[in-house]
Amino acid sequence: MKEIKIKTRDLSLYYGAKMALNSISLDIPEKEVTAFIGPSGCGKSTFLRTLNRMNDLIPSVRITGEVLVDSLNIYDKQIDVVNLRKKVGMVFQKSNPFAKSIFENVAYGPRINGINKKTTLEEIVEKSLKKAFIWEEVKDRLHDSAMGLSGGQQQRMCIARTLAVEPEIILMDEPASALDPISTAKIEELIFELKKNYTIVIVTHNMQQAARVSDLTAFFYLGELIEFGKTKKIFTTPDKKHTEEYITGRFG
Amino acid sequence: MERHFEQELQKLNKRILKMGNLVYDQIHNSLEALLTCNIELAQQVVGKDNKVDKLDVKIDKLCQRIFALTQPVATDLRLIMSALKMNNDLERLGDLAVNISTKVEGVSDYQEILTDLHVDELANMADLIVKDVITILNTRNTTFVRDIFSSANAIEEKVQAVSSRILDEMMHKTEVIVVATNLMIILTQIDRIAGYSTNIAESIVFIVEGKMIKHKNPFKHIDGAEINPGHENPVEDSGNSGI
């Protein structure tokens, strides 16, 4: 039995008066891939963003309940949000490279964390790019602009950039939705490798992707957690009718 | 709006049911041919087997197409997996009907032996178990799956009892060895009819309830209490360990 890395308790989130998440309690185990599925607007991305306090940036958001990462409530006043986001990294739907070289993109995080020694940065960049399975493709052009990479390469470089600050948890919001099948397969293989060392939480609209890459799946609908369990169970014999209807495409 | 995928599943359901009815007719006719020594009917069964084979291939191809094009999950996945297995079991049942039919001529002059051994009772039991399992396939009412297992047990016991009697006869009367061997082959086919019928019943439970009950009879007595497929069951697999 894996240790629980993230625990939410009665987590509700409001955009102004509108409730977007309704009392979500969920245990996410470490070094496994947990997928969030559900129709658009069901709250899965909102829930993902509560796990590293990305919703703090939206003024009308109000949150009740708890999110515990390694048993610490990340919404406690003493929590340093910068450190939290170092520990809980994030990869977005659209790759967002900085208009800098590949090297500088990956070295950016370590640099702002005070690492300036060239050889140390070189080691971190190489290690991170290797972990993101893109080293072989970019090792000879590290100082070229990251904007020249393909979409799939940019996304893997962004994952390398996330890995460079040594997070323990990686949140992925539709990381392959804008990529072609080959690049998608590479991202999925990467997720499979990364889970040996990281806890991964992924939001996806692609049912087959959730089935392929995740160990656990949570189905959200209208801000509620309808069903959460092992992916192999959810995709073969789900307990809830709603889940069955959604994953078989008979929804609504 | 009905989705194209739904139409494919309906087509699959219809074809499996058509296969079930076709195979039941084959089994029924082969057993009737046996009991009435109707060689012509037996030959018709043999001749019709190619229809079963053709439908078998058609169903396999449809399942292959649905798997390749739709990536089914949950109840759809269970249906298509089970359709493949049931199709195989039904096709084998068709083969058993042919095997019985090819032995009709060899026993047709020994009607009194068939009567003496109560082969008609066994034949009726075999006919009924296939008829019942096809009904369950049509209605998907798993309440009656228990009856299939009970009937299969009864057939197995009766086949063993009759086989023992035949072996006894063979030891004492060398002149009956040929007909007795044919009868033993027929009994084996009847025993297999029961076996394939329980396989199909297991597949229907998997489709409807998502429980894998194969390889162990879930309806056997445990500490005096019978177990229902819908209740807590020590031998079932809820489908989460195999994929």
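Predicted model: local features only at pLDDT ≥ 70, side-chain atom pairs only at ≥ 80, totals over all residues.
1. Helix α5(B), residues 119-139, packs on helix α6(B), residues 145-172, at an angle of about 160°, and the two axes are 10 Å apart. That angle makes α5(B) roughly antiparallel to α6(B), since anything over 145 degrees falls in that class. The crossing of α5(B) past α6(B) is left-handed.

2. Who makes that contact? From α5(B) come Leu122(B), Met125(B), Ala126(B), Leu128(B), Ile129(B), Asp132(B), Val133(B) and Ile136(B). From α6(B), the list includes Val145(B), Asp147(B), Ile148(B), Ser151(B), Lys158(B) and Val162(B). Sorted by class, the α5(B)/α6(B) contact has 14 nonpolar, 1 polar and 3 charged residues.

3. Now the rest of chain B. The chain has 7 helices and 0 strands, and its pattern along the sequence reads α-α-α-α-α-α-α. Of its 243 residues, 40% are buried. If you take the chain B contacts with a separation of 6 or more, 76% of them are between residues 24 or more positions apart.

4. On the core: the largest nonpolar core has 132 residues, and Ala126(B) and Ile193(B) touch the most other members. Helix α7(B), residues 177-209, gives the most to this core, with 14 residues. As a general remark, nonpolar side chains tend to be buried together in soluble globular proteins.

5. Over to chain A, and another helix pair. Helix α3(A), residues 102-112, and helix α4(A), residues 118-131, pack at an angle of about 110°, with their axes 9 Å apart. That makes α3(A) roughly perpendicular to α4(A), because the class spans 65 to 115 degrees. Here α3(A) passes α4(A) in a right-handed crossing. Phe103(A), Val106(A), Ala107(A) and Pro110(A) of α3(A) meet Leu121(A), Ile124(A), Val125(A), Ser128(A) and Leu129(A) of α4(A). By class, this contact counts 8 nonpolar residues, 1 polar and no charged.

6. Two backbone spots in chain A to check by eye. Ser23(A) has a phi near 50°, positive in a residue other than glycine, and this serine is found in strand β2(A), residues 18-29. Arg53(A) has a positive phi as well, near 60°, and is placed in the loop between α1 (44-50) and β4 (61-69) of chain A. For background, most residues other than glycine have a negative phi.

7. Buried would need 20 or more.

8. Last, the interface. The contact takes 13 residues from chain A and 11 residues from chain B. On the chain A side, the elements giving two or more residues are α8 (207-213), α9 (231-234) and α10 (241-247). The largest share, 3 residues, comes from α8(A). The chain A side divides into 5 nonpolar, 4 polar and 4 charged residues.

Definitions and conventions
Residues numbered from 1 in each chain as written. Chains lettered and ligands numbered in written order. Contact = placed C-beta atoms within 7 Å. Helix = DSSP H or I, 4+ residues; strand = E, 2+ residues; numbered from the N terminus. Nonpolar A, V, L, I, M, F, W, Y, C, P; charged D, E, K, R; others polar. Core = buried A, V, L, I, M, F, W, Y, C linked by C-beta atoms within 7 Å. Buried ≥ 20, exposed ≤ 12 C-beta atoms within 10 Å, placed from the backbone. Axes fitted to C-alpha atoms, helices over the stretch in contact; angles between N-to-C directions. Parallel < 35°, antiparallel > 145°, perpendicular 65-115°, else oblique. Left-handed = near helix turned anticlockwise from the far one by under 90°.
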